[in-house]
Amino acid sequence: VYVLSSVLSVILLALSLGYFFGGRLSDRFPHPLPLYYIIAFGGLSIVFLYYVATFAFSAPQYYLSLFVGPIVYSLLLFFIPAFLLGMDSPYVIKLISQDTDPETSGTYVGTTFFWSTVGSICGSLAAGFWLIPSFGVLETILYTGLTLVALGLGTPLALRSTGDLSVRNSAYITLCAAVLTTTVMLVYLGEIQRTPVEGTLLSYS
């Protein structure tokens, strides 16, 4: 109960701050490239999380109490990635609002949140029912971070090569890059697939 409450609270706090500062940043830099850099830094923070989690799993856990431990580990593991990735939503909405009719902006915003939520559901199901049982918690964290880094760094290069930084072209190239990087990572994971790993991300005894 303590772990679940701590993880949810930290992620919600990080997302709320990410929404706030992401909105401000999008007003200051209303073009697509900073969005991809945020995604790349979010991926790097998840890769860093992999090494932090590796240390956390091997370090003695009896130094922290049952009440303090879950909060500290949740802040250490989840705050920065959730904060950076939380900045994406207001940024995407800002970019979309620039190229849409104000009379239909509500439709585009609703569609953005719809697909964002669908992606979250698919990611949760894939992680719980396939990725973690098949490859392990740490490997899933690592390759998720690497996928975001590849997406965040590769997409701006593709955009610059086309010379078209419009929102529509950015969305198309982002979709293609996401499919490509995800496919490459899944193929690589399939080659190193190992036996299911027992245990959870955070455990206290």
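Predicted model: local features only at pLDDT ≥ 70, side-chain atom pairs only at ≥ 80, totals over all residues.

Mentor: Residues are numbered from 1 along each chain as its sequence is written, and side-chain values use heavy atoms, with hydrogens and water left out.

Trainee: At what angle do helix α1 and helix α3 pack?

Mentor: Two packed helices are described by the angle between their axes and the distance between the axes. Here α1 (residues 2-28) and α3 (residues 68-86) pack at about 30°, with axes 8 Å apart. Helices are DSSP runs (H or I, at least four residues), numbered from the N terminus. Axes are lines fitted to C-alpha atoms over the stretch in contact, and angles run from 0 to 180 degrees between N-to-C directions. The pair is therefore roughly parallel (under 35 degrees; over 145 is roughly antiparallel, 65 to 115 roughly perpendicular, the rest oblique).

Trainee: Which residue classes make up the contact of α1 with α3?

Mentor: That contact has 18 nonpolar, 4 polar and no charged residues. Ala, Val, Leu, Ile, Met, Phe, Trp, Tyr, Cys and Pro count as nonpolar, Asp, Glu, Lys and Arg as charged, and the others, Gly among them, as polar.

Trainee: How do the axes of α5 and α6 cross?

Mentor: The axes of α5 (residues 105-135) and α6 (residues 137-162) come within 6 Å and cross at roughly 110°, so α5 is roughly perpendicular to α6. In contact terms (heavy atoms within 4.5 Å), L131, I132 and F135 of α5 meet V137, E139 and T140 of α6. These residues divide into 4 nonpolar, 1 polar and 1 charged.

Trainee: Which residues have the most contacts inside the largest nonpolar core?

Mentor: In soluble globular proteins, nonpolar side chains tend to be buried together. In this model the largest nonpolar core has 27 residues, and I39, L77 and I141 have the most contacts inside it. Such a core is a set of buried Ala, Val, Leu, Ile, Met, Phe, Trp, Tyr and Cys residues joined through side-chain atoms within 4.5 Å. Helix α2 gives the most to this core, with 10 residues.

Trainee: Is L138 buried or exposed?

Mentor: L138, in α6, is buried, with a relative accessible area of 18%. Buried means under 20%, exposed over 50%, and partly exposed in between (1.4 Å probe, protein chains only). F41, in α2, is exposed at 52%.

Methods. Helix = DSSP H or I, 4+ residues; strand = E, 2+ residues; numbered from the N terminus.
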